[in-house]
Amino acid sequence: MTQDIRDHTPDTAVQPGISGIYEQVAAWMQANDLTYGENPEGCFFSLRYSCDHGDFRVIIDVADEPKGPKLLILAYYPMRVPEARRAVVAELLSRINGSIWLGCLALDVRDGEVSVRTAMPIDDGVLTEGQLEHMFFTTLNLADRHLPGVCAAAFGGIAPEVAFEMGQVPTREGLQ
C-alpha cells in the first residue's frame, strides 16, 4: 500500500479553530496532499487512491444528523462481480466480515459492485487527526488486503474458504 496507518499521529483536532466536520476533513486532505472532488452541498468528498493491489474510488461522507455528526468512508473495488459468481463472493464477504472488527465489505447484488465501509460518530463535533487517519487507512488497507481474494473468487473460480485465506495477514504459511 502506498501509505499506511501511522502510530505516531497525535490525537489532536484535525484543524483547531475550524468549526465544521466537513471543513476539518477538507483541511486534513489538503494537508496530506490528496486530490479530491467535492459535493457542492458540502456533504461528501470523492477521490481515487492507489494501493498495492488496485486503485480505489473513495467517498468520504460527512453526515450532520440530528443525533450528531457522523463520518462514513467507502472504498469501491475497481471491478464488478459477474452475476454467476455473486453468491460465491457474498459467502467470501461474510467470512471476511466475521474476521474483522472495524468496517465491513458489501456486495451490491444488483450490479456486482463491492465496497468497504467504515463509519463512526463524531462526539462533540471534534474529529482528531488520529481518528480520521485511522478510519481512512483502515478502509483502504481492508479493501486492498482482500482484493486478490475477491478477484480470485469472482473470476478465478476459487472457493470462498481458499479466497478468504488469501486476505489473511500475515498468511498462515508465513507463521509456520
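Q: How much of the protein chain counts as buried?
A: Of its 176 residues, 44% count as buried. Buried here means a relative accessible area under 20%, exposed means over 50%, and partly exposed is in between, with a 1.4 Å probe and protein chains only.

Q: What kind of model is this, and how are residues numbered?
A: It is a predicted model, in which local features need pLDDT of at least 70 and side-chain atom pairs count only at pLDDT 80 or more, while totals for chains, interfaces and linings use all residues. Residues are numbered from 1 along each chain as its sequence is written, and side-chain values use heavy atoms, with hydrogens and water left out.

Q: How many helices and strands are there?
A: The protein chain has five helices and six strands. Both are DSSP runs numbered from the N terminus: helices are H or I with at least four residues, strands are E with at least two. Along the sequence the pattern is α-β-β-β-β-α-β-β-α-α-α.

Q: And the sheet, in what order do the strands come?
A: The six strands form an open sheet in the order 1-2-3-4-6-5, with antiparallel pairing. Two strands pair if DSSP finds at least two bridges between them.

Q: Which strands stand at the edges?
A: Strand 1 (37–38) and strand 5 do. Each has a single partner strand, so one side of each is left without a neighbour in the sheet.

Q: What packs on the sheet?
A: Helix 1 (residues 21–31) does, touching strand 1, strand 2, strand 3 and strand 4 (68–80), and its direction makes about 25° with that of strand 2. Helix 2 also packs on the sheet, where it touches strand 5 and strand 6, and its direction makes about 165° with that of strand 5. These angles run from 0 to 180 degrees between N-to-C directions, using axes that are lines fitted to C-alpha atoms, for helices over the stretch in contact. Contact means heavy atoms within 4.5 Å.

Q: Back to helix 1: how many of its residues are buried?
A: Eight of the 11, so helix 1 is mostly covered. They are Ile21, Tyr22, Gln24, Val25, Ala26, Ala27, Trp28 and Met29. These residues pack against strand 1, strand 2, strand 3, strand 4 and helix 3.

Q: What comes after helix 1?
A: Asp33 follows helix 1, with a positive phi near 55°. Asp33 is not a glycine. Most residues other than glycine have a negative phi. Asp33 lies in the loop between helix 1 and strand 1 and is exposed, with a relative accessible area of 70%.

Q: OK, helix 2. Which residues are buried there?
A: Arg86, Val89, Leu92, Leu93 and Ile96. Seen down the helix axis they fall within an arc of 120°, so they line one face of helix 2. The arc is that of the directions from the helix axis to the C-beta atoms.

Q: What covers them?
A: The cover includes strand 5 (104–108), strand 6 (113–121), helix 3 (129–155) and helix 4 (160–166).

Q: What span should helix 2 have?
A: At 1.5 Å a residue, its 12 residues (86–97) should span 16 Å, and the end C-alpha atoms are 16 Å apart, which agrees. The expected span is 1.5 Å times one less than the number of residues.

Q: How do strand 5 and strand 6 pair?
A: They pair in the antiparallel sense over five bridges, and Leu107 stands opposite Val114 in strand 6. Their hairpin has four residues between the strands, and Gly112 takes a positive phi near 80° there. In strand 5, four of the five residues are buried.

Q: Which residues touch the most other members of the largest nonpolar core?
A: Val25, Met29, Phe45, Ile60, Leu71, Tyr77 and Phe136, in a core of 48 residues. Helix 3 gives the largest share of this core, 11 residues. A nonpolar core is a set of buried Ala, Val, Leu, Ile, Met, Phe, Trp, Tyr and Cys residues joined through side-chain atoms within 4.5 Å.

Q: What is Phe136 in contact with?
A: Leaving aside neighbours within four places in sequence, Phe136 is in contact with Trp28, Leu34, Leu47, Tyr49, Val58, Ile60 and Ile73.

Q: Last one: where does His53 lie?
A: His53 lies in the loop between strand 2 and strand 3 and is partly exposed, with a relative accessible area of 47%. Not counting residues up to four places away in sequence, His53 touches Asp144, Leu147 and Pro148. The C-alpha atoms of His53 and His146 are separated by 9.1 Å, though these residues are 93 residues apart along the chain.
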